[in-house]
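Colleague: Please show the model, and let us then go through it by question and answer.

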Amino acid sequence: MLRHYREVAFMSVAELAAAAGASPAAVARFATSVEFTGYPELQRALHAIILSEPRQGDRFTAATDGGTGEPRAERGFLFPAAKTRRHR
């Protein structure tokens, strides 16, 4: 479940049970065993986690100077292992 939380967040109890090879009742008991009031609350918590994660575009903006789209000034920031070759 931890590895696939993005998918689990949008699965019904029956879908998760089938994917896990368990019964729907076992899925509901699991949710309460980790201190949620039930599976719907567990789903809402997973939705909140997903919504709080930075999106791909946000990660790109964070890797640039002030959102201008220009690479950071520090040499090697984006490609630290790249070496400069001079051609003769």
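Colleague: In which helix is valine 27 found?

Modeller: This is a predicted model, in which local features need pLDDT of at least 70, side-chain atom pairs count only at pLDDT 80 or more, and totals for chains, interfaces and linings use all residues. Residues are numbered from 1 along each chain as its sequence is written, and side-chain values use heavy atoms, with hydrogens and water left out. Helices (H or I, at least four residues) and strands (E, at least two) are DSSP runs, numbered from the N terminus. On that basis, valine 27 belongs to residues 24-33, that is, to helix α3.

Colleague: Is valine 27 buried or exposed?

Modeller: Buried means under 20% relative accessible area, exposed over 50%, and partly exposed in between (1.4 Å probe, protein chains only). Valine 27 has a relative accessible area of 7%, so the residue is buried.

Colleague: Which residues is valine 27 in contact with, leaving aside its neighbours within four places in sequence?

Modeller: Contact means heavy atoms within 4.5 Å. The C-alpha atoms of valine 27 and glycine 38, eleven residues apart along the chain, are separated by 9.1 Å. With neighbours within four places in sequence left aside, the contacts of valine 27 are Val13, Leu16, Ala17 and Tyr39.

Colleague: Which residues are buried in α4, and what covers them?

Modeller: In α4, the buried residues are Tyr39, Leu42, Gln43 and Leu46. They lie on the same side of α4, because they cover an arc of only 100° around the axis, the arc being that of the directions from the helix axis to the C-beta atoms. On the other side of α4, Arg44, Leu51 and Ser52 are exposed. The cover of the buried residues includes α1, α2 (13-20) and α3.

Colleague: How far apart are the end C-alpha atoms of α4?

Modeller: The expected span of a helix is 1.5 Å times one less than its number of residues. For the 14 residues of α4 this gives 20 Å, and the separation of the end C-alpha atoms agrees, at 20 Å.

Colleague: What separates the C-alpha atoms of glutamate 41 and alanine 31?

Modeller: Glutamate 41 is found in helix α4 and counts as partly exposed at 26% relative accessibility. Alanine 31 is ten residues away along the chain, and the two C-alpha atoms are separated by 8.2 Å.

Colleague: Which side chains meet in a salt bridge?

Modeller: A salt bridge is a side-chain nitrogen of Lys or Arg within 4 Å of a carboxyl oxygen of Asp or Glu, and the structure holds one. Its N to O distance is 3.1 Å, between the side chains of glutamate 53 and arginine 6. Glutamate 53 lies in the loop between α4 (39-52) and α5 (56-62) and arginine 6 in helix α1, so the pair ties together parts that are 47 residues apart in sequence. The relative accessible area is 22% for glutamate 53 and 46% for arginine 6.
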